Amino acid sequence: MEATHSGLTSLGWHTDDPAVRDVVPAISRGNNLVVVTPPAPAYAAAVLAGIVDRRSARQAIFVIAPAPGLEEWESLVAALAADLVPGPLLALGSRQAERRFRSGEGASLTIASPATAVALRQHSLIQPETIGAVVIAWPELWEDPGALTIALQEIPKEAQRVILTSDPGAIAAVIERHAWRAMTVGYSAPAAPSATPVQTVSVPWAQRVRVIAAVSERLGAASLAVWTADTSRHAELERVMAGIGVTGSRVTTGQPEAAAQVIAFDPPPAERLAQLAEAGSVTLLMPPGTERWIERLSSARKPLVISATLDSTDVELSRRRSLIDQAVGEGPLDEGLLALGPLFDRHDPASVAAALYQMWTRLPRPALTRQMEEGAAAGPRTRIWLGAGKRDEIGVSDVVGLLINEVRMDRTAIGRIELRDTFTLVEVPAPEAERIAQSLSGKTLRRRRLVARVDRKASH
């Protein structure tokens with residue numbers, strides 16, 4: 001336990017914090033756990049420290065976490081698991097992970113997104129009998145919760161299971177199936193939104209440090225405090241704060257001293273939000289996956305638009321923004337405003353717009369929408385028939401992952417995917433259809449060997 005506490009102390013955690021006090025002892029006893037925390041990797045520190053400390057030399061640890069923010073686990077690995085042999089693997093993609101495992105080096109700790117975890121299991125690169133502990137991080141945020149069933153196939157029942165969640169009620173079925181007799185520890189999930197006024201800044205995980213200066217400039221605060229859940233990014237933040245030139249600016253993991261503005265770098269627990277509000281006006285950074293937690297923290301939210309978070313060099317994001325800008329300019333929008341009016345009474349309009357954007361980008365879209373996004377005609381399209389469907393527990397993300405990882409298709413070339421009970425239809429560029437069908441035939445998806453052919457009736 002000394003090593004565990006040393007690692008946590010280096011990250012600024014205290015033994016009396018709920019994220020540590022109840023977690024480490026329960027893990028050391030081998031209990032299955034449900035740990036309620038805000039949805040940010042920083043809050044996994046005690047879980048990771050306890051499992052690493054308890055691990056035997058012959059056991060591996062398997063962490064499955066949401067793809068957005070996966071790189072944020074790097075600081076935890078550096079502080080808590082850097083000395084493991086063989087070395088830890090933060091699998092940012094299936095190819096990188098496959099190269100590591102096929103080299104024979106393996107990994108004592110593997111952290112992967114659901115899609116990468118599935119790919120590793122389907123290719124038999126993760127040996128289930130070697131797994132001593134599994135950490136399932138915020139499954140309520142996964143695009144395909146069914147990935148968990150595949151990723152955990154044949155992992156011994158006695159392997160310790162720890163589920164990190166911001167909403168235990170939403171994943172009751174996951175807890176029942178994958179964490180038998182689990183204790184529930186950690187923070188209290190927000191029972192109801194408080195009336196604490198907050199500003200929110202939507203920002204990618206990787207841009208959180210960079211956006212602090214832009215937020216400070218926008219707020220024009222006479223004094224500033226930045227609160228973080230741990231100290232892993234303090235050196236970077238202090239460099240930024242030194243350049244801001246605001247007198248008395250500081251970074252803390254505890255209760256901030258009074259300041260005109262307090263920026264929460266990590267999503268805070270409900271109890272901490274109340275403390276931050278006592279210190280000053282609160283602005284919450286809101287990276288992907290934290291939106292729902294922040295909605296449950298406060299009913300008095302106001303979005304703060306920061307240009308630094310919008311000046312992305314990502315061509316696809318720029319194209320989407322141009323499409324939206326074009327649609328607003330063309331109008332009229334009366335039908336949409338009438339349909340959405342009741343939602344504006346219950347939610348901030350910016351949150352409604354963000355929800356619609358996520359629906360637009362995540363769901364399969366018609367060829368016309370894709371052609372608009374690409375800015376030109378996509379050429380003739382046709383469909384491929386796959387001999388597996390809903391009854392085989394296949395999801396859209398399974399098919400997309402197969403096409404990208406196995407057939408090496410570009411994501412923008414994949415059209416509408418129609419899931420039927422016993423088969424699936426996938427729209428692809430007509431000139432490539434035969435090659436894609438041949439590449440898919442014989443592949444395995446959710447333990448079903450695929451038969452694929454061009455659907456001649458659908459050609460157009």
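**Cavity, pocket, helix packing**

The lining of the largest cavity divides into four nonpolar, three polar and two charged residues. Nonpolar here means Ala, Val, Leu, Ile, Met, Phe, Trp, Tyr, Cys and Pro; charged means Asp, Glu, Lys and Arg; the others, Gly among them, count as polar.

Ground rules. This is a predicted model, where local features need pLDDT of at least 70 and side-chain atom pairs count only at pLDDT 80 or more, while totals for chains, interfaces and linings use all residues. Residues are numbered from 1 along each chain as its sequence is written, and side-chain values use heavy atoms, with hydrogens and water left out.

Back to the cavity. On a 1 Å grid over the protein atoms alone, a cavity is a set of points where a 1.4 Å probe fits but cannot get out; a pocket is an open set with protein on both sides within 12 Å along at least five of seven lines; lining residues have an atom within 4 Å of a point. Volume is the space filled by probe spheres set on the points, with points joined across faces, edges and corners.

The whole structure has one cavity of 30 Å³ or more. The largest cavity holds about 60 Å³. Its lining includes Arg 54, Arg 55, Gln 59 and Gln 160. Helix H4 (45-54), strand S2 (60-64) and strand S5 (131-137) supply at least two lining residues each. Helices (H or I, at least four residues) and strands (E, at least two) are DSSP runs, numbered from the N terminus.

Now the second largest pocket. Its space is about 310 Å³. There are 16 lining residues, and Asp 17, Pro 18, Tyr 187, Thr 253 and Arg 272 lie nearest the centre. Helix H12 (residues 270-279) gives the most to this lining: three residues. By class, the pocket lining has seven nonpolar, five polar and four charged residues.

On to packing. H10 (residues 208-219) and H11 (residues 234-244) pack at about 25°, axes 9 Å apart. Axes are lines fitted to C-alpha atoms, for helices over the stretch in contact, and angles run from 0 to 180 degrees between N-to-C directions. H10 and H11 are therefore roughly parallel, a label for angles under 35 degrees. On the H10 side, Val 209, Ile 212, Ala 213 and Ser 216 make the contact, meaning heavy atoms within 4.5 Å. The H10 contact with H11 counts seven nonpolar, one polar and one charged residues.

Last pair. H6 (residues 94-102) and H7 (residues 114-122) pack at about 35°, with axes 9 Å apart.

Definitions and conventions
Parallel < 35°, antiparallel > 145°, perpendicular 65-115°, else oblique.
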